[in-house]
Amino acid sequence: MRVLVGGGTGFIGTALTQLLNARGHEVTLVSRKPGPGRITWDELAASGLPSCDAAVNLAGENILNPLRRWNETFQKEQPLSLALQPEFLQGRNASGHGEVQGENIQMALSPNGEILRAREAYYQPSLTAEYDEDSPGGDFDFFSNLVTKWEAAARLPGDSTRQVVVRSGVVLGRGGGAMGHMLLPFRLGLGGPIGSGHQFFPWIHIGDLAGILTHALEANHVHGVLNGVAPSSATNAEFAQTLGAALGRRAFIPLPSAVVQAVFGRQRAIMLLEGQKVIPQRTLATGYQYSFPELGAALKEIVA
């Protein structure tokens, strides 16, 4: 299969590309920089999609980057930079405004279709609710609305192209992602829960996220929304304790809520201080088998 991967040079894209190559697929990356096996965003804007069987969109901005202040200007920019950034699913008209070119996409893609990675923040934070792929959401705060716009912008019109949205949890793996920020303080014995620690922590090993994306590409019966989270849920406190145990360190020093709000701002802090219990019900029903269904084994593999 010829697969186009937008954002393919990042943490998740690298893992996905390695898995796709290992399974015999031909991968073309969409990148800011040209190179072998790549095309640039500018080339896509000028020439449109190359011939491919399927496309995976991993492009986007890390909204938990503490160096970016989430002020009013930044929020106004996000519907374009996040919801409309995947330019291989977009065209640009003469005035420079984003315009979905669904017909061109469907001409370039076979029924294997298009896969989009979104975020589990579509679901409303709760200490008691349990969410599967059919649960409502997407309309309770700025970020949930942003995820809804992001999914809608990438969704193609008509039924001729198979489309899958994978709403992923916190992606855990070596060499990047959330673990890149957490390992040092935990190795120093300074780790611990965030806030109360009672909030749920939807997580997934990067190998399983790449596996779910590949499964969605290869299995023609897979369509619609999949929750890209592990089947075993954990609270933030349980995650901290399990990571500390994997490192042979104590993990009891909490990160106060006031500090989280000061660093990230009130709206982004909600994503860290109030979690969601997300169940991959449809993902399991499609037949995907997890390599790392349990948190302890996943973290031991990552820190080994």
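Trainee: What does the accessible surface of the protein come to?

Mentor: About 14000 Å², and 53% of that belongs to carbon and sulfur atoms. Accessible areas come from the Shrake-Rupley method with a 1.4 Å probe, and for residues only the protein chains shown count as cover. Keep in mind that this is a predicted model: local features need pLDDT of at least 70, side-chain atom pairs count only at pLDDT 80 or more, and totals for chains, interfaces and linings use all residues. Residues are numbered from 1 along each chain as its sequence is written, and side-chain values use heavy atoms, with hydrogens and water left out.

Trainee: Thanks. How many of the residues count as buried?

Mentor: Of the 304 residues, 51% are buried. Buried is under 20% relative accessible area, exposed is over 50%, and partly exposed is in between (1.4 Å probe, protein chains only).

Trainee: And how many helices and strands are there?

Mentor: Twelve helices and 13 strands. They are DSSP runs numbered from the N terminus: helices are H or I with at least four residues, strands are E with at least two.

Trainee: What share of the contacts comes from residues 24 or more positions apart?

Mentor: Among contacts with a separation of 6 or more, such residues account for 78%. Contact means heavy atoms within 4.5 Å.

Trainee: Let's do helix packing. At what angle do H6 and H12 cross?

Mentor: Roughly 85°, with the axes of H6 (residues 177-187) and H12 (residues 295-303) coming within 12 Å. That makes H6 roughly perpendicular to H12. Angles of 65 to 115 degrees get that label, under 35 degrees is roughly parallel, over 145 is roughly antiparallel and the rest is oblique. The axes are lines fitted to C-alpha atoms, for helices over the stretch in contact, and angles run from 0 to 180 degrees between N-to-C directions.

Trainee: Which residues meet there?

Mentor: From H6 there are Met179, Leu183 and Arg187, and they meet Leu299, Ile302 and Val303 of H12.

Trainee: Switching to charges: how many salt bridges does a search of the whole structure find?

Mentor: Five. The criterion is a side-chain nitrogen of Lys or Arg within 4 Å of a carboxyl oxygen of Asp or Glu. One of them joins the side chains of Arg2 and Asp53 at 3.2 Å, N to O. Arg2 is in strand E1 (residues 2-6) and Asp53 in the loop between helix H2 (41-47) and strand E4 (54-57), so the pair ties together parts 51 residues apart in sequence.

Trainee: Is Asp53 buried or exposed?

Mentor: Asp53 is buried, at a relative accessible area of 16%, while Arg2 is partly exposed at 34%.

Trainee: What does Arg23 form a salt bridge with?

Mentor: With Glu218, where the closest N and O atoms are 2.8 Å apart. Arg23 sits in the loop between helix H1 (11-22) and strand E2 (26-31), and Glu218 in helix H7 (residues 206-218), so this pair ties together parts 195 residues apart in sequence. Glu218 counts as partly exposed, at 30% relative accessibility.

Trainee: And which pair meets at 3.4 Å?

Mentor: That would be Glu130 and Lys277, through their side chains, N to O. Glu130 is in strand E8 (residues 130-131) and Lys277 in strand E13 (residues 277-278), so parts 147 residues apart in sequence are tied together. Lys277 is partly exposed, with a relative accessible area of 21%.

Trainee: Where is Ile253 found?

Mentor: In the loop between helix H8 (236-247) and helix H9 (257-264). Ile253 is partly exposed, at 34% relative accessibility.

Trainee: Last one: what is Thr40 in contact with?

Mentor: Leaving aside neighbours within four places in sequence, Thr40 contacts Val30, Ser31, Arg32, Lys33 and Pro34. Thr40 belongs to strand E3 (residues 38-40) and is buried at 10% relative accessible area. The C-alpha atoms of Thr40 and Val30 are separated by 5.5 Å, with the two ten residues apart along the chain.
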